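The tour below moves from one selection to the next.

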Amino acid sequence: MRDPGRGTPQFGEAILTRVRNTGYGNVWWRMAVVGIGFALAMSPLTGAAIQAVSPQEGGLASGVSSTTRQIGAVLGVAVLGAIVHTRESGGASFESGLNSAFLTAGAVTPACAVLTGLWLTAARTPRDVRAEQSGGQAVSGPPLTAPSGRPTEVSGQ
């Protein structure tokens with residue numbers, strides 16, 4: 001299934017770099033495009049993170065996904081705010097600072113998407129590749145075993 005949020009945040013960031021007037025009416029709809037794009041992208045990403053682990057680790061995966069998203073948002077606001085402030089303290093206008101911040105966000109977002117895609121592709125195991133080649137059917141191979149010292153069943157419940 002194709003992700004409807006793919007590309008929408010980058011499109012929103014691209015149109016944000018064209019802001020010439022920082023009035024509310026000129027900026028709100030551009031920010032809405034970015035927000036809609038990220039909203040459409042986050043739900044499938046969280047679902048993929050939860051489905052990639054065993055049911056017992058679903059809560060952990062959800063928590064890590066949420067924490068990562070929150071840390072990214074905080075760092076993004078801090079870095080982009082610092083870019084605007086640096087440009088302003090150098091004598092540039094607020095609009096120029098916003099333009100620099102949005103250009104930075106527009107460059108960093110797709111770069112991180114590419115790096116994440118490369119990282120996820122490299123993280124696939126040969127067993128994953130065999131499963132994909134067989135059309136998702138079970139493949140023969142050595143059974144997966146739990147590391148020693150870890151329980152394989154939840155006991156006492």
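What follows is a short tour of a predicted model.

Residues are numbered from 1 along each chain as its sequence is written. Because the model is predicted, local features need pLDDT of at least 70 and side-chain atom pairs count only at pLDDT 80 or more, while totals for chains, interfaces and linings use all residues, and side-chain values use heavy atoms, with hydrogens and water left out.

Begin by colouring the chain by pLDDT (the predictor's confidence in each residue, from 0 to 100): the chain average is 76, and 63% of the residues score at least 70. Where pLDDT is low, the predicted coordinates should not be read in detail.

Next, select helix α3, residues 58-89, whose 32 residues reach 46 Å from first C-alpha to last, close to the 46 Å expected at 1.5 Å a residue (1.5 Å times one less than the number of residues). Within α3, Gly58, Ala61, Ser65 and Val84 are buried, meaning under 20% relative accessible area, with exposed over 50% and partly exposed in between (1.4 Å probe, protein chains only). The buried residues of α3 pack against α2 and α4 (94-122), with contact meaning heavy atoms within 4.5 Å. Just after α3, glycine 91 takes a positive phi of about 100°.

Now move to threonine 46 in helix α2, which counts as buried because its relative accessibility is 18%. Leaving aside neighbours within four places in sequence, threonine 46 is in contact with Ser65 and Arg69.

Finish at tryptophan 29, also found in helix α2 (residues 24-51), which is partly exposed, with a relative accessible area of 35%.

Notes: Helix = DSSP H or I, 4+ residues; strand = E, 2+ residues; numbered from the N terminus.
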